[in-house]
Amino acid sequence: MKKMFKPYLAVSAVALVVDYITVLLLIYIIGLAAHISVAMGYLLGAVVSYFLSISFVFDFRRFEDRAVLESLSYIAIGFVGLAITELIVIGSAVMYQLPYW
């Protein structure tokens, strides 16, 4: 478990950078609304995290023979995180009257 910490931290950092750059590009270059950009950045970061994690972090796969179940489990957990993120972004935009709509 201890040996997985550094690779997991590196994978998380890469996913965060992908997420953040995607959000910035979509808001400031493409002109999309913040809540849409955040959702797209989050999802792209999650995909990067998943593939890097199964490639470089985990020694074993819990659902080795059931890759679809593993992927669906990861997606379900990701959607919970996405919902929380969207609530924070939309709530903050409303609360602070931000012009990101």
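A residue counts as buried when its relative accessible area is under 20%. Keep that cut-off in mind for the whole tour. The model on your screen is predicted. In its protein chain, buried residues make up 26% of the 101 residues.

**Stop 1: the whole chain**

Show the chain as a cartoon. You will find three helices and zero strands. Read along the sequence, the pattern is α-α-α. Now switch to the C-alpha trace. Along its principal axes the trace spans about 45 × 25 × 25 Å.

The protein chain exposes about 7,300 Å². Carbon and sulfur atoms supply 75% of that area.

How do contacts relate to positions in the sequence? Take the contacts with a separation of 6 or more: residues 24 or more positions apart account for 61% of them.

**Stop 2: helix α2**

Select residues 34–57, which make up helix α2. Which residues of α2 are buried? Colour these: A34, S37, V38, A39, G41, G45, A46, S49, Y50, S53 and V57. What covers them? The cover includes α1 and α3.

While a helix is on screen, look at its geometry. An α-helix has 3.6 residues a turn, so residues three or four places apart point the same way.

**Stop 3: S53**

Stay in helix α2 and pick S53. Is S53 buried or exposed? S53 is buried, because its relative accessible area is 5% and the cut-off for buried is under 20%. Now look for its partners. Leave aside the neighbours within four places in sequence, and S53 is in contact with V11 and F58.

**Stop 4: the aromatic cluster**

Show the side chains of Y50, F51 and Y74. These three residues form one aromatic cluster. How many aromatic pairs does the structure hold? It holds two.

Begin with Y50 and F51. Their ring centres are 5.2 Å apart. Their planes stand at 75 degrees, so this pair is edge-to-face; the cut-off for that label is over 60 degrees.

Y50 lies in helix α2, while Y74 lies in helix α3 (residues 67–95). The pair therefore ties together parts that are 24 residues apart in sequence.

Now check how accessible each ring residue is:

- Y50 has 10% relative accessibility, so Y50 counts as buried.
- F51 has 48% relative accessibility, so F51 counts as partly exposed.
- Y74 has 31% relative accessibility, so Y74 counts as partly exposed.

**Stop 5: T22**

Move to helix α1 and select T22. T22 counts as buried because its relative accessibility is 14%. Zoom in on its side chain. A polar atom there lies 2.6 Å from the backbone oxygen of V18.

What else does T22 touch? Beyond its neighbours within four places in sequence, T22 is in contact with M40, G41 and L44.

**Stop 6: a nonpolar patch**

Select V17, Y20, I21, L24, L25, Y28, I29 and I30. Together they form a nonpolar patch on the surface. Their accessible area comes to about 840 Å² together.

I29 sits in helix α1, which covers residues 5–30. Is I29 buried or exposed? With 63% relative accessibility, I29 counts as exposed.

**Stop 7: two distances**

Finish with the distance tool and two pairs of C-alpha atoms.

Select I90 in helix α3. I90 counts as partly exposed, because its relative accessibility is 32%. Draw a line from I90 to H35. These residues are 55 residues apart along the chain, and their C-alpha atoms are separated by 6.5 Å.

Next, select Y96 in the segment after α3. Y96 counts as exposed, because its relative accessibility is 57%. Draw a line from Y96 to G41. This pair, too, is 55 residues apart along the chain. What separates their C-alpha atoms? The distance is 22 Å.

Key:
Residues are numbered from 1 along each chain as its sequence is written. This is a predicted model: local features need pLDDT of at least 70, side-chain atom pairs count only at pLDDT 80 or more; totals for chains, interfaces and linings use all residues. Side-chain values use heavy atoms; hydrogens and water are left out. Rings of Phe, Tyr and Trp (its six-membered ring) pair if their centres lie within 6.5 Å; planes under 30 degrees apart count as stacked, over 60 as edge-to-face and the rest as tilted. Buried means under 20% relative accessible area, exposed over 50%, partly exposed in between (1.4 Å probe, protein chains only). Helices (H or I, at least four residues) and strands (E, at least two) are DSSP runs, numbered from the N terminus. Contact means heavy atoms within 4.5 Å. Patches are made of residues with over 30% relative accessible area and no salt bridge: like charges are joined within 9 Å, nonpolar side chains (Val, Leu, Ile, Met, Phe, Trp, Tyr) within 5 Å. Accessible areas come from the Shrake-Rupley method with a 1.4 Å probe; for residues, only the protein chains shown count as cover. A salt bridge is a side-chain nitrogen of Lys or Arg within 4 Å of a carboxyl oxygen of Asp or Glu. A polar contact is a pair of N or O atoms within 3.5 Å; within protein, one must be able to donate a hydrogen and the other to accept it, and residues adjacent in sequence count only if both atoms are side-chain atoms.
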